[in-house]
Amino acid sequence: MRDGVFQLYESHDDTVVTNQPDYKTQQTLKAYWTYTWGLDPNNPIAHPVYSAPGGNSATQRFERASYYLTFSQPAKNRREAVYQARSLVATCSVPVNFNPYHTEKAPYTIWTNVADHRHHVYYLANTLTMDSVWIHFSPDHQDCQRLQLQKEKSTKSVCPVQSGDVSRYLTRCENPFV
């Protein structure tokens, strides 16, 4: 969502896409890192640098995800692909209680998610409990549904199941974002 409008970008060349930075900035960063890593066939360099930013900004986390995915071996099967994606996402999470600015409250990653588009499964991992839940989606499903995992501004789960398949707890709704 950007300015109230849902935007979706799709490309086989863009394997890491995030909400922030915006898509145009992601393309600029990708071009920079592709060059730095010596992967730009139109602009080869003699001494590529293999590094990734380690900071907590959205931009640095996007760059780190791109780095690890670029230099990862391809998964051998679907299950390994899900595990690989989960571990890549974990490297980009903001650690619990990370507070470099020493503010009263600091944001950190509570939930991460990974989608298995071929098998229509959406995985959600809770950083605070180390539990994972998943939802199976039917490709012909037409109803809008939602699952509330926690209340806003709270770290306590309101989901009836802490780990496992939570598909049966989806409820019909008009708008899943309210």
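# A predicted model: helix, rings and strands

Visitor: What caps the N-terminal end of α1?
Guide: Asp22 does: one of its side-chain oxygens lies 3.2 Å from the backbone nitrogen of Lys24. The cut-off for such a polar contact is a pair of N or O atoms within 3.5 Å; within protein, one must be able to donate a hydrogen and the other to accept it, and residues adjacent in sequence count only if both atoms are side-chain atoms. Helices (H or I, at least four residues) and strands (E, at least two) are DSSP runs, numbered from the N terminus.

Visitor: And what am I looking at?
Guide: This is a predicted model, in which local features need pLDDT of at least 70 and side-chain atom pairs count only at pLDDT 80 or more, while totals for chains, interfaces and linings use all residues. Residues are numbered from 1 along each chain as its sequence is written, and side-chain values use heavy atoms, with hydrogens and water left out.

Visitor: Back to α1. Which of its residues are buried?
Guide: Gln26, Leu29, Trp33 and Thr36. Buried means under 20% relative accessible area, exposed over 50%, and partly exposed in between (1.4 Å probe, protein chains only). Seen down the axis of α1, the buried residues fall within an arc of 85°, so they line one face of the helix. That arc is taken from the directions from the helix axis to the C-beta atoms.

Visitor: What do they pack against?
Guide: The buried residues of α1 pack against α2, where contact means heavy atoms within 4.5 Å. On the face turned away from that buried side, α1 carries the exposed residues Lys24 and Thr28.

Visitor: What follows α1?
Guide: Gly38, with a positive phi near 75°.

Visitor: Change of topic. How many aromatic pairs does the structure hold?
Guide: Nine. Rings of Phe, Tyr and Trp (its six-membered ring) pair if their centres lie within 6.5 Å; planes under 30 degrees apart count as stacked, over 60 as edge-to-face and the rest as tilted. One of the pairs is Trp37 with Tyr67, which is tilted, at 5.4 Å centre to centre and 55° between the planes.

Visitor: Where do Trp37 and Tyr67 lie?
Guide: Trp37 lies in the loop between α1 (23–36) and α2 (58–70), and Tyr67 lies in α2, so the pair ties together parts that are 30 residues apart in sequence. Trp37 is buried at a relative accessible area of 2%, and Tyr67 is buried at 15%.

Visitor: How are the rings of Tyr67 and Tyr68 arranged?
Guide: Their centres are 5.2 Å apart and their planes are at 75°, so that pair is edge-to-face. Tyr68 is partly exposed, at 36%.

Visitor: Now the strands. In what sense do β1 and β2 pair?
Guide: Antiparallel, over six bridges, with β1 at residues 111–116 and β2 at 121–126. Two strands count as paired if DSSP finds at least two bridges between them. β1 and β2 form a hairpin with four residues between them, and His120 in the turn has a positive phi of about 60°.

Visitor: And β2 with β3, how many bridges?
Guide: Five, again antiparallel, with β3 at residues 132–136. Tyr123 stands opposite Trp134 in β3, and Tyr123 is also the bridge partner of Val114.

Visitor: How many bridges join β3 to β5?
Guide: Two, and β3 and β5 (residues 164–165) run parallel. Val133 stands opposite Gly164 in β5.
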